[in-house]
Amino acid sequence: MSDWDAVTVLRKKAPKSSAMKTESAVNQARRQGVAVDTQQKYGAGTNKQHVTTKNTAKLDRETEELRHDKIPLDVGKLIMQGRQGKGLSQKDLATKICEKQQVVTDYEAGRGIPNNLILGKMERVLGIKLRGKERGQPIAPPGKK
């Protein structure tokens with residue numbers, strides 16, 4: 001069989017799914033009577049990476065029934081007393097627990113939102129319990145109970 005006898009058939013490729021999403025492709029499909037399902041995605045066409053959800057907005061309004069928990073004032077006082085007992089400033093404590101000074105300030109003033117990881121770090125540095133029933137008690141060194 002020679003090259004002259006071979007037949008080459010050229011066809012258009014089927015449109016990609018991304019091409020089917022364009023407005024002109026949707027309109028063409030409507031003209032042909034094809035069922036078209038369109039839906040608007042939430043937040044589509046906006047350039048927002050972090051969109052606040054409805055629950056976050058409710059919490060920010062801080063109504064009676066829906067409110068952020070705050071650090072109790074007695075825990076804030078324990079942090080302050082433990083820090084002063086060790087001779088640390090707020091900045092020193094913040095540096096030792098790898099947090100910002102503002103976090104320590106908020107916790108001592110009772111404005112901070114409780115985070116068990118941060119409280120655990122503070123307990124280890126200060127050597128006193130800040131959570132549970134035994135608040136204010138010294139932490140026993142590992143191995144001694």
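**Close-up 1. The start of helix H6 in this predicted model, where Asn115 reaches towards Leu117.** A side-chain oxygen of Asn115 comes to within 3.0 Å of the backbone nitrogen of Leu117, and this contact lies at the start of H6. The helix itself covers residues 116–126, and Gly127, which follows H6, has a positive phi, near 80 degrees.

**Close-up 2. The buried residues of H6 and the helices they pack against.** Which residues of H6 are buried? They are Ile118, Leu119, Gly120, Met122, Glu123 and Leu126, and these buried residues pack against H3, against helix H4 (90–96) and against H5.

**Close-up 3. The crossing of H5 and H6.** Two packed helices are described by the angle between their axes and by the distance between those axes. For H5 and H6 the axes come within 12 Å and cross at roughly 90 degrees; because crossing angles of 65 to 115 degrees count as roughly perpendicular, H5 and H6 are described as roughly perpendicular to each other. On the H5 side the meeting residues are Val103, Val104 and Tyr107, while H6 contributes Ile118, Leu119 and Met122. The residues of this contact of H5 with H6 divide into 6 nonpolar, no polar and no charged.

**Close-up 4. The crossing of H3 and H5.** The axes of helix H3 (residues 73–85) and helix H5 (residues 101–109) come within 6 Å, and they cross at roughly 125 degrees, which makes H3 oblique to H5. In H3, the residues Leu73, Gly76, Ile79, Met80 and Arg83 meet Tyr107, Glu108 and Ala109 of H5.

**Close-up 5. The buried and exposed sides of helix H1.** Within helix H1 (residues 23–31), the buried residues are Ala25, Val26 and Ala29. Because these residues cover an arc of only 100 degrees around the axis, they are placed on the same side of H1. What does the face of H1 turned away from its buried side carry? That face carries the exposed residues Glu23, Ser24 and Arg31. Just after H1 comes Gly33, which takes a positive phi of about 85 degrees.

Methods
Residues numbered from 1 in each chain as written. Predicted model: local features only at pLDDT ≥ 70, side-chain atom pairs only at ≥ 80, totals over all residues. Heavy atoms only, no water. Axes fitted to C-alpha atoms, helices over the stretch in contact; angles between N-to-C directions. Helix = DSSP H or I, 4+ residues; strand = E, 2+ residues; numbered from the N terminus. Parallel < 35°, antiparallel > 145°, perpendicular 65-115°, else oblique. Contact = heavy atoms within 4.5 Å. Buried < 20%, exposed > 50% of the residue type's maximum accessible area, 1.4 Å probe, protein only. Arc of directions from axis to C-beta. Nonpolar A, V, L, I, M, F, W, Y, C, P; charged D, E, K, R; others polar. Polar contact = N/O pair within 3.5 Å; in protein donor to acceptor, adjacent residues only side chain to side chain.
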